[in-house]
Amino acid sequence: ADWYVVGDPTEGALITLARKAGLDTEQLDETIPEIKEFQFDSARKLLSSVRKRNGQTVVFVKGAPENLLNLSTDIWDHGHIRKITEADRKFFRDYDSTNAKSAMRNLAFGYRILPAKANRKKLVMEEVEQDFTFLGIVSMIDPLREAVPSAMKIARAAHVKVSIITGDSPITARAVAVKAGLSQEIIIVKGED
């Protein structure tokens with residue numbers, strides 16, 4: 001049957017990816033119910049979903065690769081878990097940078113099984129979001145609308161100053177701006193600045 005996503009296109013792309021991998025996202029949502037969500041914010045650049053799975057409390061996280069790498073102590077490596085190394089971190093940072101330069105949006109994923117003594121009713125974000133097992137990075141294209149480059153050309157001819165405000169990485173923002181036909185003399189101001 002045909003289906004389509006209503007809502008956030010990034011979430012839609014992730015659901016599509018999961019379904020292509022043979023996962024039934026609706027069934028998973030029922031069998032691994034969410035207990036609590038720590039919503040995304042621009043400071044920590046992560047979203048965590050705490051869920052109940054087979055009697056365990058598991059935190060599933062997605063967000064900016066650099067931020068998740070900094071909070072990961074282990075890595076899932078072809079079916080087994082081992083300590084994450086500096087070589088692993090460099091590999092994923094390089095992957096993130098290379099794909100961001102191609103205007104790809106990169107999202108990292110990880111998880112953590114909370115200790116059995118964790119009180120599910122009193123979970124604190126700072127205590128939950130640590131010691132993750134890093135799973136990997138998904139890269140996706142967020143294509144420009146066809147009219148954007150010509151609209152930027154008209155705006156530039158009319159001496160209209162254009163600013164881009166985005167939650168994407170600065171590298172991705174620069175690559176998208178260039179594709180949109182904006183000057184390569186781009187000034188990037190990060191959120192924390």
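Q: Leaving aside its neighbours within four places in sequence, with which residues is Phe132 in contact?
A: In this predicted model, Phe132 touches Ser48, Val59, Val61, Leu68, Leu71, Ser72, Thr73, Asp74, Tyr111 and Arg112, its neighbours within four places in sequence being left aside. Each of these pairs is called a contact because heavy atoms lie within 4.5 Å. Phe132 itself belongs to strand β7.

Q: Why is Phe132 called buried?
A: The relative accessibility of Phe132 is 0%. The limit for a buried residue is under 20%, and therefore Phe132 is classed as buried.

Q: How far apart are the C-alpha atoms of Phe132 and Glu11?
A: A distance of 21 Å separates these two C-alpha atoms, while Phe132 and Glu11 are 121 residues apart along the chain.

Q: What makes Ser72 a buried or an exposed residue?
A: Ser72, in strand β4, has a relative accessible area of 2%. Buried requires a value under 20% and exposed one over 50%, so Ser72 is buried.

Q: How do you know that the side chain of Ser72 makes a polar contact, and which atom does it reach?
A: The side chain reaches the backbone oxygen of Leu68 at 2.8 Å. A polar contact requires a pair of N or O atoms within 3.5 Å, one able to donate a hydrogen and the other to accept it; the pair of Ser72 and Leu68 therefore qualifies. Beyond four places in sequence, Ser72 is in contact with Ile84, Arg89, Phe132 and Phe134.

Q: What is the order of the strands in the sheet, and what is the pairing?
A: The open sheet has 7 strands in the order β1-β2-β3-β6-β7-β4-β5, and its pairing is mixed. Strands β1 (34-38) and β5 are the edge strands, since each pairs on one side only. On average, and with direction ignored, neighbouring strands of this sheet are turned by 30 degrees against each other. Strands of a sheet pair through backbone hydrogen bonds, in either the parallel or the antiparallel sense.

Q: How do you know that β6 and β7 are paired, and in which sense, parallel or antiparallel?
A: There are 8 bridges between β6 and β7, and the sense is antiparallel. At least two bridges are needed for two strands to pair, so β6 and β7 meet the requirement. Within this pair, Ala108 has Ile137 of β7 as its bridge partner.

Q: What makes β6 a mostly covered strand?
A: Of the 10 residues of β6, 7 are buried, and the strand is mostly covered on that count. Since buried stands for under 20% relative accessible area, those 7 residues fall below that limit.

Q: Which residues of α4 are buried, and why are they placed on the same side?
A: The buried residues are Asp88, Arg89, Phe92, Asp96, Asn99 and Ala100. They lie on the same side of α4 because they cover an arc of only 110 degrees around the axis. On the other side, Glu86, Ala87, Lys90, Phe91, Thr98 and Lys101 are exposed.

Q: Against which elements do the buried residues of α4 pack, and across which strands does the helix lie?
A: The packing partners are α3 (65-70), β4 (72-77), β5 (80-83), β6 (104-113), β7 (132-141) and α7 (170-179). The helix lies across β4, β5, β6 and β7, and runs at about 15 degrees to β7.

Q: Which residues of α7 are buried, and what covers them?
A: Thr172, Ala173, Ala175 and Ala177 are buried in α7, and their cover includes α4 and β6. Gly181, which follows α7, has a positive phi near 90 degrees.

Definitions and conventions
Residues are numbered from 1 along each chain as its sequence is written. This is a predicted model: local features need pLDDT of at least 70, side-chain atom pairs count only at pLDDT 80 or more; totals for chains, interfaces and linings use all residues. Side-chain values use heavy atoms; hydrogens and water are left out. Buried means under 20% relative accessible area, exposed over 50%, partly exposed in between (1.4 Å probe, protein chains only). Helices (H or I, at least four residues) and strands (E, at least two) are DSSP runs, numbered from the N terminus. The arc is that of the directions from the helix axis to the C-beta atoms. Axes are lines fitted to C-alpha atoms, for helices over the stretch in contact, and angles run from 0 to 180 degrees between N-to-C directions.
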